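Here's a handful of exercises to work through with the model open. Try each one yourself before you read the solution.

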Amino acid sequence: MMGGKSKQALATFRTLVEEDPEYAEAWNKMATCEFLSGDYDESLDATVKALEIDSLHFQALNGLGLIYFQKEDYPRAIESFRKSISIDPWSAVPSKLSVCIDLLEHTGEPDKAGSS
């Protein structure tokens, strides 16, 4: 997937979820491939499926935050990043969380996800 063969990787992950629809990591990797190709709606669908299977999948929560960030839905991005950090305090998302909070403060939109 990271070797520039995201279309091939995506096909592999699709096959995996067809064979085992409860394989959360395959859904998450499929979401990553979709995200990297700029298909945020498909990425969102696959990420939601991964989280339905494993609600504590912090990498999927990170991905969900990134999707919402790209879609400029900063309150949902904040919520996703905060959930991820609550599961994995060493996560790399605090900087993205800070950017989302700053963007909301700059636009005057309230942080509907609550404060930390």
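**Exercise 1. Is Thr32 buried, partly exposed or exposed?**

Start with the cut-offs: buried means under 20% relative accessible area, exposed over 50%, and partly exposed in between, using a 1.4 Å probe and protein chains only. Thr32 comes out at 25% relative accessibility, so it counts as partly exposed. Finally, look across to Ala60, 28 residues apart from Thr32 along the chain: their C-alpha atoms are separated by 8.9 Å.

A word on the ground rules: this is a predicted model, so local features need pLDDT of at least 70 and side-chain atom pairs count only at pLDDT 80 or more, while totals for chains, interfaces and linings use all residues. Residues are numbered from 1 along each chain as its sequence is written, and side-chain values use heavy atoms, with hydrogens and water left out.

**Exercise 2. How many helices and strands does the protein chain have, and how do its elements run?**

Count first: there are 6 helices and 0 strands. Reading from the N terminus, the order is α-α-α-α-α-α. Then check burial: of the 116 residues in the protein chain, 35% count as buried. Last, take the contacts (heavy atoms within 4.5 Å) between residues at least 6 apart in sequence: 47% of them join residues at least 24 apart.

**Exercise 3. Work out whether the span of α2 agrees with its residue count, then find what its buried residues pack against.**

The expected span of a helix is 1.5 Å times one less than its number of residues. For the 13 residues of α2 that gives 18 Å, and the end C-alpha atoms are 18 Å apart, so the two agree. Now list the buried residues: Ala24, Ala26, Trp27, Asn28, Met30, Ala31, Cys33 and Glu34. They pack against α1, α3 and α4. Past the end of the helix you'll meet Gly38, which has a positive phi, near 85 degrees.

Zoom in on Asn28, which sits in α2. With a relative accessible area of 5%, Asn28 is buried. Leaving aside neighbours within four places in sequence, Asn28 contacts Ala50, His57, Gln59 and Ala60.

**Exercise 4. Which way do α2 and α4 run relative to each other, and what about α5 and α6?**

Axes here are lines fitted to C-alpha atoms, for helices over the stretch in contact, and angles run from 0 to 180 degrees between N-to-C directions. Angles under 35 degrees count as roughly parallel, over 145 as roughly antiparallel, 65 to 115 as roughly perpendicular and the rest as oblique.

- α2 and α4 pack at about 25 degrees, with axes 10 Å apart, and are therefore roughly parallel. Glu25, Asn28 and Phe35 in α2 meet Gln59, Ala60, Leu66, Ile67 and Gln70 in α4.
- α5 and α6 pack at about 150 degrees, with axes 9 Å apart, and are therefore roughly antiparallel. Residues that meet here include Tyr74, Ala77 and Phe81 in α5, and Leu97, Cys100 and Leu104 in α6.

**Exercise 5. Which members of the largest nonpolar core touch the most other members?**

A nonpolar core is a set of buried Ala, Val, Leu, Ile, Met, Phe, Trp, Tyr and Cys residues joined through side-chain atoms within 4.5 Å. The largest one has 27 residues, and Trp27, Met30, Ala77, Phe81 and Cys100 touch the most other members. Next, trace the sources: α1 (6-19), α2 (24-36), α3 (40-53), α4 (58-70), α5 (74-87) and α6 (94-107) each supply at least two residues. The largest share, 6 residues, comes from α4. Then follow Cys100: not counting residues up to four places away in sequence, Cys100 touches Phe69, Tyr74, Ala77, Ile78 and Phe81.

**Exercise 6. Where is Glu72, and is it buried or exposed?**

Glu72 is in the loop between α4 and α5. At 59% relative accessibility, Glu72 counts as exposed. Now check the backbone: Glu72 has a positive phi of about 60 degrees, although it is not a glycine.

Methods: Helices (H or I, at least four residues) and strands (E, at least two) are DSSP runs, numbered from the N terminus.
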